[in-house]
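I opened this notebook to record what I looked up in one structure, entry by entry. The sequence and the model come before the notes.

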Amino acid sequence: MTRSRVLIALVMCISLVSGPSFAAVKAGATCTKAGVTATAGGKKFTCIKSGSKLVWNKGVAVKKAAPAPTSSATISPGQKTETRNLLSSDPRITPVSGLTNLDICKTEDKTPYTQADGTLAHGNGFPRPSFTVSGKKSAKVLVVPMAFRNLPFTDDKNQAGSGSTSDLDQLNKVIPAVVESFRTLSRNKFEISIEVLPKSQWWVFNTDSPFSTMWGVPHAPALQKILDEQKKDFSFKGYDTVAFATGNGLLGQNNLTSAQAGFLQSKNSDTGNASVVFMIGALDRPIIWVHEFGHSLFGLDDLYPFSDAAAGRRSDRTSGTALWDLMADSSEANLLEWNKFLMGWLDNNEVRCIAEQKSTVHYLTNDPSSKGPKLLTVNLSPGVTLAAEVKPGSASTVIDGSRLLLYTINSYIESGSEPVVALSTLYSKGESKSMLGWTFNVLDSDDNGLLVEAIKTDVDKFVIPSPKPRPTQSTPLTSKIKIEKSELLSTGSFKARATWNVTGHESYRLFVVAADDAQKVFFETGIRNSSQNPLVIEISGLPCNREVRVTTMFFSEKNGQGERLVRDNRDLGILSCEDGTKKP
Ligand SMILES: [Zn+2]
């Protein structure tokens, strides 16, 4: 199951400030922690002590991982014909002097979040939040492997969750893929270096993992507790983000995946605050790593609907945004050009800005080696942008050549409620699309780009929304009700047990329905008054061969009154009809 469950809107509230940037990893260059390893330029380096200094050793060559797939077309050198040059120098193209100043399109976010220092940060706009590495050429990450009794991290091939590979093997495989993804997505403008603590410094606990795998429960408090009680000397200094990773889980373990980005306070950091990423059971998924670093290093918003994630649903993958941006769906290594703009990966001449022009013509390219324009931004109002970029043609389209993707960035809508919406249809040469007071005509196209005409109309004009009050409704960080951990286990014979480490509640209700039919209720507690912690609820009467959804509601007052916190869970999966145990 792909779940990139991150609470950036929540975790960012306690964030801030940038870290310094660092020298690249290369032989002889200084490093921070003896024993850590880093991969750069196709070599794996180890930080060693040389005299009184810490330096990178000469490194050993690593096999290059297959480049992650991207949205860019594969172009062989011979294909770069003059056709492209003809399109990019077409006389109909509006000169830069006929465009709007790019600062107008570098629009603010109308639903900014508050940083710890009280300043507002623009998750989906400009200027970029102060802690990010937006516009910098590199960032440095440390990975801390963590082993728990129920969720080990091991270099033992026989214990791994899948095949004859160990957790360490998987980590060593995922890192070059993450490095390569950043390189490709940024068109070589950004280099991430990822170091791993040596085995002697792994975090090994003889307790179970304190990290809940239920969506919406922040991991930072559990990490803070570990740091305060057991790892007082751990230092975040010298790293832009520290990633805490468990193994992928034992064979047969399911639903243990939870990736998050967060911030916590630490005296042992460059700024007093540490940017962290949690990879709980998601070790082998490079794009999920990139997604989390999208939050922790660049302050990007989540673009998938939180309502789906909270209900344990997979978001609609056919929607345009999920197809084209890994902040909406972590299946493929794609990023919309708008996000690359926020990340500082587009030069000013790669973005065109219009606002009031009656008619303009633009050449847009998706050739990664071209310095030509990649993104057309239409400023509809402060905080709201209509954007156009180029995607490859498709074998199934009748007309060859590149196609136009249109999307809106409406920053009046918050992270988690789909601030970015991309159309699921792409437009080919000769086609046109009207939306929000603009008509786009694709005049011509080739394999590397297209010419698009943008005409301002009076039809279906964008109406500036009135600013919404910030929601005061509970989020896990501000709620009176705090969930530290939850577990839902089948106990055989069509029974299960839900265990909640929860405080701040005076009553609760738990019910079980069919995953595909909420009207089909298999179990129901009704509202019960209890402030127990841990709260153990025995469930019976479960069906077999049918997926169920377990909904638990906690209330801050007795009899279902007061603030309400709801959690949906599908971890039980489908029970076997033999004896009610979970199918493997
Ligand atoms: Zn996320």
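**Entry 1: helix H4**

I took helices (H or I, at least four residues) and strands (E, at least two) as DSSP runs, numbered from the N terminus. I noted that residues are numbered from 1 along each chain as its sequence is written. The model is predicted, and local features need pLDDT of at least 70, side-chain atom pairs count only at pLDDT 80 or more, while totals for chains, interfaces and linings use all residues.

I then looked up the length of H4, which covers residues 167-185. H4 has 19 residues and reaches 26 Å from its first C-alpha to its last, close to the 27 Å expected at 1.5 Å a residue. The expected span is 1.5 Å times one less than the number of residues.

**Entry 2: the protein as a whole**

I counted nine helices and 29 strands in the protein. Of its 584 residues, 46% count as buried. I called a residue buried if 20 or more other C-beta atoms lie within 10 Å of its own, exposed if 12 or fewer, and partly exposed in between, with C-beta atoms placed from the backbone.

I also looked up contacts, meaning two residues whose C-beta atoms, placed from the backbone, lie within 7 Å. Among contacts with a separation of 6 or more, residues 24 or more positions apart account for 68%.

Why is helix H6 described as largely enclosed by the rest of the structure? I found that 11 of the 11 residues of H6 (residues 286-296) are buried, so the helix is largely enclosed. The buried residues include Trp289, His291, Glu292 and His295.

I next looked up how H4 and H6 meet. Two packed helices are described by the angle between their axes and the distance between the axes. H4 and H6 pack at an angle of about 55 degrees, with their axes 9 Å apart. That angle makes H4 oblique to H6. Axes are lines fitted to C-alpha atoms, for helices over the stretch in contact, and angles run from 0 to 180 degrees between N-to-C directions. Angles under 35 degrees count as roughly parallel, over 145 as roughly antiparallel, 65 to 115 as roughly perpendicular and the rest as oblique.

H4 passes H6 in a right-handed crossing. A crossing is right-handed if the near helix is turned clockwise from the far one by less than a right angle, and left-handed if anticlockwise. On the H4 side I listed Val174, Ala177, Val178, Ser181 and Phe182, which meet Pro286, Ile287, Trp289 and Val290 in H6.

**Entry 3: Asp240**

I located Asp240 in the loop between helix H5 (220-229) and strand S10 (241-245). Asp240 counts as buried because it has 27 C-beta neighbours inside 10 Å. Asp240 and Ser296 are 56 residues apart along the chain, yet their C-alpha atoms are separated by 8.4 Å. Ser296 is one of the buried residues of H6.

I took two strands as paired if DSSP finds at least two bridges between them. Four strands form an open sheet in the order S14-S21-S20-S19, with antiparallel pairing. Its edge strands are S14 (359-365) and S19 (432-435), each pairing on one side only. The twist averages 25 degrees from one strand to the next.

How many bridges join S20 to S21? Seven bridges join S20 (residues 438-445) to S21 (residues 449-456), and a hairpin connects the two strands through three residues. Phe440 stands opposite Ala454, and Ser445 stands opposite Leu450. S14 and S21 also pair in the antiparallel sense, over seven bridges, and Ser359 has Ile455 in S21 as its bridge partner.

I found an open sheet of five strands in the order S13-S15-S16-S17-S18, with mixed pairing. Its edge strands are S13 (351-354) and S18 (420-422). S17 (residues 403-410) and S18 pair in the antiparallel sense over three bridges; the partner of Thr408 in S18 is Val421.

Lastly, I looked up S2 (residues 43-50) and S3 (residues 53-56), which run antiparallel and are joined by four bridges. Lys49 has Leu54 in S3 as its bridge partner. The hairpin of S2 and S3 has two residues between the strands, and Gly51 takes a positive phi near 65 degrees there.
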